[in-house]
Amino acid sequence: MAEIERIVILTGAGISAESGIDTFRSAGGLWEQHRVEDVATPEGFARDPDLVLGFYDMRREALAKVQPNAAHHALARLEQEFAGELLLVTQNVDDLHERGGSRDVLHMHGELKSALCLSCEMRSPWDATMSDRPPCPVCQAPSLRPDVVWFGEMPYQMERIYAAIRQADLFVSIGTSGAVYPAAGFVRDALDCGAQTLELNLERSEGSHWFRHSRQGKAGDLVPDWVDEVLSAGG
Ligand code: BJW
């Protein structure tokens with residue numbers, strides 16, 4: 001741990017579970033309540049925009065009622081106190097990392113509190129509903145969609161992520177099932193580049209065997225302990 005100078009962290013829905021946000025693939029999770037083809041694909045949006053806009057309005061509204069947990073706060077502390085380089089990549093569209101104190105968060109699957117205009121292609125901060133078809137703040141067209149990455153779409157900032165993984169000494173995956181690519185492939189990219197790999201998850205994920213180390217438990221317990229280890233090793 002003392003030799004670790006560059007860390008890439010990937011987080012998923014599990015890190016926000018203890019804050020009260022549903023994960024996707026757990027029993028009772030979002031994909032049991034809604035068909036993924038209907039609410040998380042461009043084709044689903046084209047078929048029934050009201051359903052999709054309502055789904056994301058509901059999740060944006062729910063976000064206002066939850067708070068970051070100990071795992072989000074611990075990663076913010078790591079960002080502040082770690083002497084080396086850190087890239088925090090999240091698949092989550094919530095803003096709990098930012099509200100937990102992290103300043104530099106790469107949202108590879110977009111953000112609930114951002115709108116993407118299908119007319120002018122601009123992204124705008126967004127805190128209101130979309131199902132009432134408000135105008136784009138930039139071009140005024142009533143063409144907003146949630147600024148999230150659906151299946152078949154390209155995640156954000158892939159070049160920056162791959163560049164950081166190529167340089168990393170340690171890749172850490174927290175609270176993600178490893179079911180969705182390209183994020184699920186990052187551990188193999190990190191291994192290929194000689195990095196240490198660590199998984200912190202409630203249970204072994206689909207890609208668990210790729211990780212050199214795997215710890216099972218709640219993110220709210222595992223992440224603060226791991227951050228203490230990194231910082232006490234002089235990182
Ligand atoms: C806890 C816990 C606690 C619970 N503490 N842990 C290669 C092979 C096969 C298919 C593909 C492939 N490459 C691409 C594809 C196609 C597709 C894909 O992956 N399909 C799979 C179904 C196989 N991928 C795409 O289409 C992606 N685009 C793409 O690949 O573009 C081309 C490209 C080419 C080359 C390079 C780069 C790109 C886009 C994927 C978009 C995913 N979008 C969603 C919706 C976002 C908006 C929204 O939020 O609604 O993103 S789907 C959904 O899944 C969401 C999540 O970010 C993502 C991952 O889910 P996550 O976070 O892992 O949640 P869960 O629920 O699955 O797991 C939670 C985990 O936490 C569990 O393990 C629990 O045990 C654990 N947990 N409580 C710790 N307290």
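**Entry 1. The parallel sheet**

I began with β2 and strand β3 (residues 105–107), which pair in the parallel sense over 3 bridges. Strands are DSSP runs of E of at least two residues, helices are runs of H or I of at least four, and both are numbered from the N terminus. I count two strands as paired if DSSP finds at least two bridges between them. The model is predicted: local features need pLDDT of at least 70, side-chain atom pairs count only at pLDDT 80 or more, and totals for chains, interfaces and linings use all residues. Residues are numbered from 1 along each chain as its sequence is written, and side-chain values use heavy atoms, with hydrogens and water left out.

Leu88 has Val105 as its bridge partner in β3.

I then read the whole order, β3-β2-β1-β7-β8-β9, an open sheet of 6 strands with parallel pairing. Its edge strands are β3 and β9 (213–216), each of which pairs on one side only. Neighbouring strands here are turned by 20° against each other on average, direction ignored. Angles run from 0 to 180 degrees between N-to-C directions, with axes fitted to C-alpha atoms, for helices over the stretch in contact.

β7 and strand β8 (residues 196–201) run parallel, joined by 5 bridges, and Leu170 is partnered by Gln196 in β8. Helix α8 (residues 158–167) packs on this sheet, touching β1, β2 and β3, and its direction makes about 135° with that of β2. Helix α10 (residues 219–232) touches β1, β7, β8 and β9, at about 150° to β8. Contact means heavy atoms within 4.5 Å.

**Entry 2. The antiparallel sheet**

I next looked up an open sheet of 3 strands, in the order β5-β4-β6 with antiparallel pairing. β5 (123–125) and β6 (144–148) stand at the edges, each with a single partner strand, so one side of each is left without a neighbour in the sheet.

Strand β4 (residues 110–117) is joined to β6 by 5 bridges, and Leu116 stands opposite Arg145 in β6. α5 packs on the sheet, touching β4 and β6, with its direction at about 140° to that of β4.

**Entry 3. The ligand**

Of the 35 residues around the ligand, I noted that Arg25, Tyr56, Arg59, Thr176 and Ser177 come nearest; a residue counts as near if one of its heavy atoms lies within 4 Å.

A ligand nitrogen is 2.9 Å from an N or O atom in the side chain of Glu18. A ligand oxygen is 2.8 Å from a polar backbone atom of Phe24, and a backbone N or O atom of Gln91 lies 3.1 Å from an oxygen atom of the ligand.

Taken alone the ligand exposes 1500 Å², of which the protein buries 78%; accessible areas come from the Shrake-Rupley method with a 1.4 Å probe. The elements giving two or more residues to the shell are α1 (14–17) and α5 (49–63).

**Entry 4. Backbone exceptions**

Most residues other than glycine have a negative phi, and most peptide bonds are trans. I found the bond from Tyr181 to Pro182 to be cis, with omega near 5°; Pro182 is in the loop between β7 (170–174) and α9 (186–192). Glu121, in the loop between β4 and β5, has a positive phi near 65°.

Notes:
A polar contact is a pair of N or O atoms within 3.5 Å; within protein, one must be able to donate a hydrogen and the other to accept it, and residues adjacent in sequence count only if both atoms are side-chain atoms.
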